[in-house]
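Please open the structure in your viewer and keep the selection panel at hand. The tour goes from one selection to the next and says what is there at each stop.

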Amino acid sequence: MRRVRSPHSGALAAAGGALALLCAAAASGPRQPIAFSHRIHAGELGIGCTSCHVYAERAPVAGIPSMARCQGCHKFVKEDPEHPQVTAELKPLVEILANGTAIEWIRVYRVPDHVHFTHERHVLAGVRCQECHGEVEKMDVLSQVTPLTMGWCLGCHHEKQREKPEGRARLTECVTCHK
Ligand code: HEC
Ligand code: HEC
Ligand code: HEC
Ligand code: HEC
Ligand code: HEC
């Protein structure tokens, strides 16, 4: 189940010219303290989004998983002699888990403080994670792929009103998103 890895991979640098590198840089998110890959975990291993982001269905914030969630597997998944790069990326994680410290992940998606957003309502209404965050299960490095502008929010809210008008007048009222 091996793969070509994105931005910090030697394979990509070797494969592409300046243009490929530019594209990769433009598409990539922040470099996280640990090279956690959604493609491996949510894609190849098929772990469900809400099994790590456990609050998405019942709270405003989706939540970043605690280290205990990683520990459950990485107590056992430590060495992969066939794939030295994976083993190298796991080393800092094993150290962090041993020390009991938390990882300070760099935030990728954020709306300004004056905007009210809640995951719960969207997830319960059947809006898929991917509509707002892209095909996360294909990303080694997670990046922001939607603009999070007011126009973007309203575009979808207008569309949802047209699909099913009853009870959805609020979707386009200022106070719904600005308290
Ligand atoms: C269901 C089990 C499972 C859980 C839960 C899990 N992992 Fe993994 N993780 C794996 C497996 C399997 C691999 C692949 C190892 C390989 O290819 O040899 C892996 C690979 C990795 C790697 C190295 C490869 C890479 O680039 O991602 C890192 C770093 C990592 N995991 C971090 C984490 C972190 C951080 C968490 C908690 C947020 C976590 N994992 C939760 C099973 C898990
Ligand atoms: C094994 C646990 C795990 C699974 C499964 C997982 N995630 Fe994550 N997710 C993380 C971790 C750890 C981070 C923080 C590091 C990062 O940004 O890559 C994160 C970050 C994110 C972020 C960025 C948060 C921010 O900083 O704004 C989004 C969006 C996200 N995940 C969506 C998803 C979606 C959608 C799925 C399912 C397709 C998914 N995740 C599956 C562990 C997981
Ligand atoms: C309607 C669009 C939308 C949907 C659907 C959505 N998100 Fe988000 N997500 C956002 C926005 C906007 C933010 C930034 C929120 C903020 O700054 O308060 C965000 C932030 C996040 C974060 C980081 C902050 C936090 O809440 O913990 C994670 C993790 C995340 N989303 C995961 C998910 C997962 C997993 C799903 C599916 C179960 C999902 N999102 C569905 C729009 C969405
Ligand atoms: C892809 C479509 C989509 C996008 C993008 C989207 N929303 Fe929504 N939003 C919905 C749907 C669907 C509902 C739930 C409607 C229902 O429950 O009937 C909803 C509901 C809400 C609610 C609760 C409304 C209420 O009645 O209290 C808030 C607040 C909200 N959205 C804010 C935002 C913000 C802020 C953004 C942009 C950062 C955003 N949404 C982007 C589809 C979307
Ligand atoms: C569906 C959610 C949503 C609704 C409804 C909404 N807004 Fe916004 N608004 C946002 C988001 C997200 C931002 C921040 C991103 C941006 O500036 O585009 C924002 C930003 C703003 C800003 C700040 C712009 C800046 O330059 O900082 C103002 C002012 C504003 N909205 C006014 C309004 C008014 C007035 C209404 C009603 C006519 C309204 N909004 C309805 C989501 C919404």
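Select ligand 4 in this predicted model, and then show the 22 residues that surround ligand 4, of which the closest are Phe117, Ala125, Cys153, Cys156 and Arg170. If you colour the helices next, you can follow which of them give two or more residues to this shell, namely H7 (119–124), H8 (129–133), H9 (150–163) and H10 (174–177). Of these elements, H9 gives the most to the shell around ligand 4, with 5 residues. When you colour the shell around ligand 4 by class, 12 residues come up as nonpolar, 5 as polar and 5 as charged.

Move on to ligand 1, which is surrounded by 21 residues, with Ser37, Cys70, Cys73, Asp80 and Glu89 as the closest. Here the elements that give two or more residues to the shell are the helices H3 (38–44), H5 (67–74) and H6 (84–99). Which helix gives the most to the shell around ligand 1? It is H5, with 5 residues. Coloured by class, the shell around ligand 1 has 13 nonpolar, 5 polar and 3 charged residues.

For the last stop, hide the rest and keep H5 and H6, which pack at an angle of about 115 degrees with their axes 11 Å apart. Turn the view until one helix lies over the other, and you will be looking at a left-handed crossing of H5 with H6. Now show the side chains of Met67, Cys70, Gln71 and His74 in H5, which meet Leu93, Val94 and Leu97 in H6. By class, this contact of H5 with H6 has 5 nonpolar and 2 polar residues, and no charged ones.

Note on methods. Residues numbered from 1 in each chain as written. Chains lettered and ligands numbered in written order. Predicted model: local features only at pLDDT ≥ 70, side-chain atom pairs only at ≥ 80, totals over all residues. Near = placed C-beta within 6 Å. Helix = DSSP H or I, 4+ residues; strand = E, 2+ residues; numbered from the N terminus. Nonpolar A, V, L, I, M, F, W, Y, C, P; charged D, E, K, R; others polar. Axes fitted to C-alpha atoms, helices over the stretch in contact; angles between N-to-C directions. Left-handed = near helix turned anticlockwise from the far one by under 90°. Contact = placed C-beta atoms within 7 Å.
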